[in-house]
Amino acid sequence: MTTTDFQWPDFYFARHGETDWNREQRYQGSMDIPLNRTGQLQADANGILLRELLERDGVDPASLKWFASPLSRAAETMDRMRAAFAMDLPPVIHDKRLIEISFGELEGRLHAELSSDLAQAPGERDASYWHFRPEGGENYADVATRLLGFAHELTQHTVVVAHGGVLRVLRHLVEGTERVDVLNWPPPQGVIAHFAGRRMTLYSATNTWDVADSPGR
């Protein structure tokens, strides 16, 4: 199946909250790294934002399908988001196809410590990086294949919580954004991406996490 063969429905996507490895700028990939306190607060705020977006769009949360990556940082983000809803919701489906791109032997390494022949950090990548596969890892084309398979699970107004690399690939698959652009785009945390009409709109949650991390708090 190609990107033009599939009619993408509207859906809501959230990247998981921050982890210590995100903050340290380490390659995280498929390693199961937990949320830090900032990430937990981002997830809480995203839940309130999602509730407001669904109210705006007239969508019953109980009618949705809820998907998350099984990695704990995404699963906890989903659970904390759902806590914003004072109702029973359908169970979360943890789908392995939503796991972050695997960086293989690079996982745990700092972006800054790797030479350009081993890896390129966002902002330094050209279109060929789409096919770069580190030893023991995946490339973005592999993730695209996974997501095109997952796409058949989507229904109108599905909620998905996963990872930055997954969001990059979705922008390419759904919007048709050029590979070089998504490879160098830094997917934000503490936001909801609404994909509708093959376009992504980002909505930012109220920033409660920076205040909580400020000195004296």
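## Basis

Residues are numbered from 1 along each chain as its sequence is written, and side-chain values use heavy atoms, without hydrogens and water. In this predicted model, local features need pLDDT of at least 70, side-chain atom pairs count only at pLDDT 80 or more, and totals for chains, interfaces and linings use all residues.

## Helix α3

Helices (H or I, at least four residues) and strands (E, at least two) are DSSP runs, numbered from the N terminus. Helix α3 spans residues 72-82. Its buried residues are R73, A74, A75, T77, M78, M81 and R82. Buried means under 20% relative accessible area, with a 1.4 Å probe and protein chains only.

These residues pack against two kinds of element. The helix is α2 (37-57). The strands are β1 (11-15), β2 (66-68), β3 (92-94), β4 (158-162) and β5 (191-196).

## Serine 69

S69 sits in the loop between β2 and α3. S69 is buried, at 0% relative accessibility. Its contacts (heavy atoms within 4.5 Å) include A74 and A75, along with H94, D95, L98 and V161; residues up to four places away in sequence are not counted.

The side chains of S69 and H163 form a polar contact of 2.8 Å. Such a contact is a pair of N or O atoms within 3.5 Å; within protein, one must be able to donate a hydrogen and the other to accept it, and residues adjacent in sequence count only if both atoms are side-chain atoms.

## The cavity

The structure holds one cavity of 30 Å³ or more. The largest cavity has a volume of about 60 Å³. On a 1 Å grid over the protein atoms alone, a cavity is a set of points where a 1.4 Å probe fits but cannot get out; lining residues have an atom within 4 Å of a point. Grid points are joined across faces, edges and corners, and the volume is the space filled by probe spheres set on the points.

The lining includes W8, F11, L98 and V160. Helices α4 (140-150) and α5 (164-175) each give two or more residues to it.

## Aromatic pairs

The whole structure has nine aromatic pairs. Rings of Phe, Tyr and Trp (its six-membered ring) pair if their centres lie within 6.5 Å; planes under 30 degrees apart count as stacked, over 60 as edge-to-face and the rest as tilted. W8 and F11 have ring centres 6.3 Å apart and planes at 35 degrees, so this pair is tilted. W8 is buried at 8%, and F11 is buried at 1%. Ring pairs link F6, W8, F11 and F195 into a cluster.

Terms used: Buried < 20%, exposed > 50% of the residue type's maximum accessible area, 1.4 Å probe, protein only. 1 Å grid on protein atoms, 1.4 Å probe; cavity = no way out; pocket = protein on both sides within 12 Å on 5 of 7 lines; lining within 4 Å.
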